[in-house]
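Please look through the sequence and the model shown here before reading on.

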Amino acid sequence: SDIATGWVAKEMPAAFPHGDPSVEDMDWNGLASTLSARGLLADTSRFVGVTSWIDAGKVAYALGPHVPVVCLCARPHQFGYLYPQTSFLGRDAVIVIRTPARDADPAARFRPYFRSVAPAGTLTLERAGNPAIELTLLVGHDFTRPVGETADPPAPAIGVTRARAHGGYTYRRAYRPG
């Protein structure tokens, strides 16, 4: 009942000084209808990008299996296998992020990875008629490189030695990247 209504945090706010943890168990069921109503999912070649694998699971559940959800982060967990970022290069994205409290320009963190990023509004997910989670929506045009990858990768080191343990033995071999 607490997940549906948030009554525990309302009755005992001092018990949760960092916010109500039960909000993490909410379904994001208003997301699909809002994205569709705003025409953000009309282009079927678009993917939905999310900034954490935990939120990616919530978004994927809310949107269903026909919408690819890509975790735009350095550690995408299972989403890195399900929808690898490299499979979506050149495509546009609807980016769904929790509204950062201290970030005046949430689109700035995605500009290095898209040709352009434009705001597409906000969305408030409610619980029992009360605001619970604020989301920022962005549209990224032309995904250029995976999140976490730098524009100019460092030059590979030649002649580096790697040590590996195998069956109780350690051996070294010359390693030439590439």
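The questions and answers below move from the sheet to the salt bridges and then to a single loop residue.

This is a predicted model, in which local features need pLDDT of at least 70 and side-chain atom pairs count only at pLDDT 80 or more, while totals for chains, interfaces and linings use all residues. Residues are numbered from 1 along each chain as its sequence is written, and side-chain values use heavy atoms, with hydrogens and water left out.

Q: Which strands stand at the edges of the open sheet of five strands?
A: The sheet has mixed pairing and the order β2-β1-β3-β5-β4, where strands are DSSP runs of E of at least two residues and helices are runs of H or I of at least four, numbered from the N terminus. Two strands pair if DSSP finds at least two bridges between them. One side of each edge strand is left without a neighbour in the sheet, because each has a single partner strand, and these edge strands are β2 (69-71) and β4 (114-127).

Q: Which residue in β5 is the bridge partner of serine 116?
A: Strands β4 and β5 (residues 130-143) run antiparallel and are joined by eleven bridges. Within β5, the partner of serine 116 is histidine 141.

Q: Which residue in β3 stands opposite valine 50?
A: In a regular strand the side chains alternate between the two faces of the sheet. In β1, Val48 and Val50 point one way and Phe47 and Gly49 the other, and all are buried, that is, under 20% relative accessible area, with exposed meaning over 50% and partly exposed in between (1.4 Å probe, protein chains only). Four bridges join β1 to β3 in a parallel arrangement, and the residue opposite valine 50 is valine 96.

Q: At about what angle does helix α4 run to β2?
A: Helix α4 (residues 53-63) lies across β1 (47-50), β2 and β3 (93-98). Axes are lines fitted to C-alpha atoms, for helices over the stretch in contact (heavy atoms within 4.5 Å), and angles run from 0 to 180 degrees between N-to-C directions. On that basis, the angle between α4 and β2 is about 175°.

Q: How far apart are the closest N and O atoms of aspartate 20 and arginine 127?
A: A salt bridge is a side-chain nitrogen of Lys or Arg within 4 Å of a carboxyl oxygen of Asp or Glu, and a search of the whole structure finds six. Aspartate 20 is buried, and so is arginine 127. In the salt bridge between aspartate 20 and arginine 127, the closest N and O atoms are apart by 2.7 Å.

Q: Which residues are linked with Asp55 in a network of salt bridges?
A: Lysine 58 and glutamate 24 meet in a salt bridge (2.8 Å, N to O), and since lysine 58 lies in helix α4 and glutamate 24 in the loop between α2 and α3, the pair ties together parts that are 34 residues apart in sequence. Arginine 98 and aspartate 55 form another salt bridge, at 3.0 Å from N to O. The network that contains Asp55 also links Glu24, Lys58 and Arg98.

Q: What is the relative accessible area of valine 23?
A: Valine 23 lies in the loop between α2 (7-11) and α3 (31-37). Not counting residues up to four places away in sequence, valine 23 touches Arg127, Ala132 and Ile133. Valine 23 is buried, with a relative accessible area of 11%.
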